[in-house]
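Subject: Structure for your review

Dear colleague,

Please find below the structure that I am handing over to you. My notes on what was found in it follow directly after.

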Amino acid sequence: MNNQRPISSDEEHRVLQFRPRTPPSPRVQLGNGSVQPLRGTPERLDLSRYEQPRAEPDNYRQRMLANIAALAFTIALTAIGIWLAVSIADLRRTQDCVLMGRRDCVKITTPHI
């Protein structure tokens, strides 16, 4: 059996060395290992620097009305989707019945006397 290896050139296997963007901090030699010193006290995680003053206060009434309208729209969209799925399933059931050659496929509703 003949081993066939692709011919590779030196340009395919080039290793690139990436330099760090910031110069490394000085290391302190202690015993056999090296330790990086702390850069001072860590900053407190606070979101106050992202706060912006508002020109007018929040309008909670408008926000609640928008939330109610969005909820009503979502409920209506869900109800329409359920109705559509049920009616498509009913049409499919009727079509399957007709394609089988049966004659009594349509539901006949009679009023209760």
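A salt bridge, as the term is used here, is a side-chain nitrogen of Lys or Arg within 4 Å of a carboxyl oxygen of Asp or Glu. By that criterion, the side chains of Arg 54 and Asp 58 form a salt bridge, with 2.8 Å from N to O.

Please note that this is a predicted model, in which local features need pLDDT of at least 70 and side-chain atom pairs count only at pLDDT 80 or more, while totals for chains, interfaces and linings use all residues. Residues are numbered from 1 along each chain as its sequence is written, and side-chain values use heavy atoms, with hydrogens and water left out.

Confidence and overall layout

The pLDDT is the predictor's confidence in each residue, from 0 to 100. The average over the chain is 80, and 72% of the residues score at least 70. Helices (H or I, at least four residues) and strands (E, at least two) are DSSP runs, numbered from the N terminus. The chain contains one helix and two strands, in the order β-β-α from the N terminus on. Where pLDDT is low, the predicted coordinates should not be read in detail.

Helix H1 has 40 residues and spans 58 Å from its first C-alpha to its last, close to the 58 Å expected at 1.5 Å a residue; the expected span is 1.5 Å times one less than the number of residues. After H1 comes Gly 101, with a positive phi near 95 degrees.

Salt bridges

In the whole structure, three salt bridges were found. Besides its contact with Arg 54, Asp 58 meets the side chain of Arg 63 in a salt bridge of 3.5 Å, N to O. For burial, the terms are buried (under 20% relative accessible area), exposed (over 50%) and partly exposed (in between), computed with a 1.4 Å probe and protein chains only. Arg 54 is exposed at 65%, whereas Asp 58 is partly exposed at 30% and Arg 63 is partly exposed at 44%.

Asp 90 also forms a salt bridge, in this case with Arg 93, and their closest N and O atoms are 3.2 Å apart. The two residues are separated by about one helical turn, because they lie three residues apart in helix H1. Asp 90 is partly exposed, with 33% relative accessibility.

Disulfide

One disulfide was found in the whole structure, the term meaning a pair of cysteine sulfur atoms within 2.5 Å. This disulfide joins Cys 97 to Cys 105, with 2.0 Å from S to S. The link is left-handed, with -80 degrees about the S-S bond, and both Cys 97 and Cys 105 are buried. Across the chain, buried residues make up 3% of the 113 residues.

Surface

Ile 80, Trp 83, Leu 84 and Ile 88 make a nonpolar surface patch of about 450 Å². Leu 84 belongs to helix H1 and is partly exposed, with a relative accessible area of 43%. The accessible surface of the chain is about 12900 Å², and 58% of that belongs to carbon and sulfur atoms.

Yours sincerely

How values were computed:
Patch = residues over 30% accessible without salt bridge, like charges linked within 9 Å, V, L, I, M, F, W, Y side chains within 5 Å. Areas by Shrake-Rupley, 256 points an atom, 1.4 Å probe, with all protein chains shown as cover.
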